[in-house]
Amino acid sequence: MRGETGRANLFTRRAVIVGGAQALLTAGLAGRLYQLQVVESERYQVLADENRINMQLLPPARGRIFDRFGQVLAENRLNYRLVVVPEAALNLERALDEIAALVPIEDHDRDRVLREASRKQRFVPITVRENLNWDEVSQIEVNAPDLPGVMIDVGSRRLYTFGRDTVHIVGYVGAVNESDLELTDDPLLTLPDFRIGKNGAEKVLESSLRGEAGSRQVEVNAYGRVIRELSRRTGRPGDDHVLTVDLGLQQYVSARFGEESGSAVVLDVHSGEILALASVPSYDPNMFTSGISQRQWRELISHPRFPLSNKSIAGQYSPGSTFKMIVALAALESGEVSPYHRFYCNGSLKLGKRRFRCWRRYGHGHVAMVQGLMESCDVYFYEVAKRVGIDRIAAMSERFGFGNKLDIELPGEKPGLVPTREWKLAMIGEPWQGGETLVVGIGQGYLLTTPLQLAVMVARIANGGIAVEPRLLAEAIRDGQPVPRESESFAPMGLSPAHLDIVRKGMNFVVNEPKGTAYRARIEEPALAMAGKTGSVQVRRISEREHRTGVIKNEDRPWEERDHALFVAYAPLERPRYGVAVVVEHGGSGGSVAAPIARDILREVQRRDPSSRARNLEALIRPHETA
Amino acid sequence: MAQFEVSSRQGYRIAERLLRLDWFLIVLVCTVGAVGIGMLISASGGSTEPWAARQMVWFGAGLLLMIAVATADIGFWLRAAYTIYGLAFGLLVGVELLGAAGKGAQRWIDLGVIQLQPSELMKIALILALARYFHGVPLEGIGRIRTYLPPLLMILAPAALILRQPDLGTALLLALGGAIMLFLAGLKAWKIGVAVVLALGSGPVVWQFLHEYQRARILTFFNPEADPLGAGYHILQSKIALGSGGLFGKGYLQGTQSHLNFLPEKQTDFIFTMMAEELGFFGVAGVLLLYLGIATYGVVISARSNNHFGRLLGMGITVTFFFHVFFNVAMVIGLIPIVGLPLPLISYGGSAMLSLMLGLGLLLCVGVHRDVIITRRPGSAG
C-alpha cells in the first residue's frame with residue numbers, strides 16, 4: 001500500500017495546485033469584470049444609450065400667410081398617404097392587388113413599392129400613394145381589417161389657394177438643397193420631406209414661418225425598429241403672417257391685364273402699404289409643391305413673356321415720359337426754369353449735329369410746364385433738361401427712390417439705374433455727353449426703373465413730398481397674438497408744396513383736359529377722378545429714314561418691337577389716397593393701353609377702399625390644422 | 001469483463017448512499033440552475049416560453065440523472081469506463097458519417113426526444129477512461145514516458161474529431177481537461193512544459209485546419225473595434241452590455257442591450273453578458289463565487305477519496321466543469337476569442353445540461369464512495 005499512499009500524496013498536492021489555479025483564474029475573471037463594469041462603466045453606459053436611443057425631429061406646422069383681410073394665401077393641408085409595411089402585409093404583391101381594387105395605383109408606383117421593399121428592412125413603411133382624397137381614405141379605412149400592414153399616414157403639404165394670382169408675392173416652398181444646408185444648421189432641414197421657402201414671402205419670412213422643431217426620443221432595437229417613446233418635446237409652430245395685399249384687388253389687377261404682359265403696383269400713398277403687386281403672365285406655385293414635370297418646367301422657363309420673373313420688382317424699364325415730373329421738380333427746385341416760361345416746340349431740337357425729336361412730328365408750339373406735362377412735349381423737357389443738367393436730375397431721381405433698392409420684403413428686387421457723370425466714366429469709360437442729358441430728360445437712355453419705383457414716385461408726389469416707403473408685411477401672429485409691425489413715420493423730402501402743386505396740376509391735366517395724353521382714360525365720377533402721366537418707351541432704334549417717311553405704327557410691328565406702355569397715377573384728385581404704376585410690355589402707347597388699365601384699377605381700389613375698411617384680425621386667429 | 005476487488009465496505013444500501021450524498025454541493029448546483037432559469041425568463045422578455053419552461057424540465061431530468069449516477073456503484077463506472085469511451089468515440093465517428101448539419105457544423109445526432117451531442121458525452125467518457133487507465137498504473141509506472149502514450153492517444157483522437165466538426169471550444173476543453181488529468185496522474189511538470197511548447201509550435205499547422213470563421217474569430221479577438229459592424233460586433237456589443245451594467249446592474253428584465261437584440265445568442269453563449277448587464281458586477285461576482293464553490297467542493301471531494309479512480313474521476317469532472325465556466329466567461333468579457341461554449345447549468349440547452357449533470361453525478365458518486373478501496377488491477381490484491 002506504500003505505492004497507493006505515494007500516489008495519493010502526489011495527487012493531493014497536485015489537486016491543491018489545480019484548485020488554487022481555479023481560484024486564481026476566477027479572481028482574474030472578477031478583476032476583468034470589475035474593470036469593465038465599474039472602472040469603465042460610464043463609457044459603456046454612453047455606448048449603450050447611443051445604441052438604443054434615437055432622436056427624431058417633429059416638424060412644426062409652418063406659419064400661414066394671409067391677405068390684409070384674412071384671406072388665406074398659403075396654408076398647410078393634410079396630405080393623406082397610403083403606406084404599406086411589408087412585414088405586416090405578409091404577401092406584398094397580394095396586398096398591392098387588394099389596394100388596387102379600392103384605389104387606383106399606377107403601374108410605376110407599384111414597381112417602385114416592390115423595388116423599395118426589396119431594399120429596405122421589412123418593418124419600414126413604404127409610401128404607395130400621396131394626396132389621397134376623402135373617398136379613397138375612407139375606402140381604405142373601411143376595409144382596414146382585411147388589409148393587414150396597409151395604413152393611412154398623415155403628412156402636411158403647402159397649398160396656395162390663389163396661387164396664380166399671388167405667387168409673385170407669396171412665393172412657394174420647395175425641397176431643401178445643398179446650398180440651403182450651408183446657410184443654417186437647423187436640423188429640420190435634414191428631414192427628407194421638409195420644405196423651405198424658395199421665393200417670395202415664403203423665402204423672406206422663412207425663419208419666422210418655419211417655427212421650432214419638436215423632438216422625441218425613441219428607443220430602437222438592433223434593427224432600428226422603434227420600441228417605445230421615451231420623451232417628447234413639443235416644438236413651436238411657425239408664425240402666421242398678414243400681408244398688406246388685398247386679395248380681391250390683386251385678383252382684379254391680374255385679371256385686368258388680360259392677355260397682356262406686364263406689371264402693376266398699387267399702394268397707399270400715405271402708409272406705403274402695397275395693396276396689389278401683379279406681374280403677368282403668372283404661374284401656379286402648387287406645381288412646385290406637388291412636383292413639377294420636366295415638360296412643365298421647360299414651358300415655364302422658355303415662355304417668351306417670362307412668367308417666372310416678378311416684373312414689378314425685377315423688371316427694369318426706361319420710365320419714359322412718366323419721368324418728366326422728376327425733371328420738372330428738379331428744374332423748379334434749381335430755379336433755372338420758371339414754370340411759366342414757354343419754350344417753342346417745332347417737332348425737334350438740334351444739339352450739335354444731332355436732332356432730338358418730339359413724339360409729335362409737327363411740334364406743340366409754345367409750351368409752359370403744365371402744358372408740357374399735359375401734352376408730354378419732348379422738346380420742352382429737352383430744353384428744361386439742358387438747363388437743369390444731369391447732376392440735378394440724378395439727385396432728384398434718387399430722392400424719389402430711383403437707382404436703389406427700396407428694400408421691399410421680397411427677394412430679387414432690382415435697383416434700376418440713374419446714370420450720372422461718374423457712373424458713365426466708371427462703367428463705360430467715356431465722359432458724359434450733353435445730348436445724353438436731353439435723353440434722360442424724357443426718361444430714356446440709360447435710365448432704368450422698376451414698376452415698384454414708379455409707384456413709389458407717384459405716391460411721393462401725391463402725398464405732398466413725404467418719403468413713403470413701400471411695405472408688404474402688415475403683422476405677424478405668434479401664439480394667437482398679433483405682433484404689429486412697428487409703425488414707421490416717413491420724413492418729408494424737402495420739396496416745395498408750390499412746386500408739387502404745379503406738377504400735380506400737370507398730371508391732372510394729362511387725364512382731365514381734352515388735350516391731355518390720357519384724356520380718354522379719365523374717370524368721369526368727380527369724386528374718384530385721377531391724375532396721372534403717360535409714358536411710351538421705344539424698345540428699338542428708329543432710323544432717321546423711318547422718321548422721315550413716318551414711324552411705323554405700333555400695331556404694325558411684331559410684338560417684341562412695340563413700345564412699352566406706361567402709366568403712373570393717383571386718386572382721388574383732392575386728398576389722394578391710392579397710387580398706381582402700370583407697365584404693359586410692348587403694349588403700345590401709354591395713353592391708350594396702360595392708362596385705361598390704371599384707370600380701372602384706381603376705380604376698383606377706390607370702390608373697395610382697402611385702406612379705410614376695418615380689418616378684423618380676430619378672424620385670422622384660428623388654430624393651425626395639425627397633422 | 002474482469003472483476004475488480006472492491007473493499008469490504010462496498011454494497012451500501014440505497015438509503016445509506018443517499019445519506020452520503022454531498023447535499024451542500026447539490027444545493028449549490030440547484031442554486032446555479034435556478035439563476036439560469038431566472039435568466040432564461042428574462043431572455044425571453046419575462047416569459048417562460050420558449051426557453052425557461054423546457055430548461056426546467058431538462059434541469060429536473062438532470063437532477064434525477066445526477067442522483068441515479070451518484071448512487072450507482074463506483075465499481076460499475078470503473079468497469080464501464082472503457083465501454084463508455086468506446087461508445088462515445090463510435091458516436092463521434094457517427095456524426096462524421098451521418099450527423100445532421102446544425103449551425104453549419106456537424107455536432108448532433110437526432111434521437112427524437114433529444115439531440116445527442118457526442119462531444120458532450122466524450123468529455124465525460126474521456127475522464128472516465130483516463131481515470132481508469134491511471135488507476136491501473138503503479139507508482140513506478142508514472143515516471144515512464146511510455147505510460148503516457150496511450151492516454152495521449154485517448155485524448156488527441158477525439159479532440160481531433162471534434163475540431164473537425166468544427167467545435168474549437170469543446171476540443172480545447174477536452175485537450176485541456178486531459179492534460180490536467182495527466183498532470184494529476186503524476187506526469188512531470190517539465191514534460192508538460194515541453195508538450196505546451198510543442199503545442200504552441202504546432203499552432204501554424206492547426207491554423208491550416210481551422211475554418212475560416214474560426215480564424216476570423218481569433219483575428220477579431222485581437223482587435224474587435226476594427227470592424228464594429230462585422231465580425232467584431234458580438235464582442236463589442238457584449239462588452240457594451242457588460243460595462244453599462246455597472247456595479248448593481250440595470251435591474252432584472254431591464255437590460256437594454258439584451259432586450260433590444262444588440263446581444264447575440266443571449267439565451268446560450270452570451271447569457272452571462274445579459275446577467276452582467278441586468279444584475280451588475282455584484283450579481284455576476286456572486287454567480288462566479290457559486291461556480292468557484294462547486295469547483296472547490298469538487299477538489300475537496302476528490303482529495304478525500306480513498307481510491308485513485310475516484311480521485312482522478314472527481315478532479316477530471318471538476319476541472320472540466322471549471323474550465324467550461326472559465327472559457328465561457330472569459331470569452332464574453334473579451335479575454336479570449338469567441339469559441340462557442342455555453343455557460344454550464346445556466347445556458348439553455350438540454351444535451352449540455354444532461355451531460356453536465358451526468359458529470360456532477362459522477363463527482364457525487366466519488367464522494368459517496370470515498371471510503372471504498374479498489375484494487376489496482378482486476379483480480380489482484382495490490
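The model is predicted, so local features need pLDDT of at least 70 and side-chain atom pairs pLDDT 80 or more, while totals for chains, interfaces and linings use all residues. Residues are numbered from 1 along each chain as its sequence is written, chains are lettered from A in the order in which they are written, and side-chain values use heavy atoms, without hydrogens and water.

In chain A, 3 strands form an open sheet, in the order β1-β8-β9, with antiparallel pairing. Strands (E, at least two residues) and helices (H or I, at least four) are DSSP runs, numbered from the N terminus. Two strands pair if DSSP finds at least two bridges between them. β1 (53–58) and β9 (226–233) of chain A each have a single partner strand, so one side of each lacks a neighbour in the sheet. From one strand to the next, the twist averages 30°. β1(A) is joined to β8(A), residues 214–220, by 6 bridges. Met55(A) has Gln217(A) in β8(A) as its bridge partner.

In chain B, helices α14 (308–332) and α15 (350–368) pack at about 145°, with axes 9 Å apart. Axes are lines fitted to C-alpha atoms, for helices over the stretch in contact; angles run from 0 to 180 degrees between N-to-C directions. Contact means heavy atoms within 4.5 Å. Residues making the contact include Leu313(B), Ile317(B) and Phe321(B) of α14(B), and Leu356(B), Leu360(B) and Leu363(B) of α15(B).
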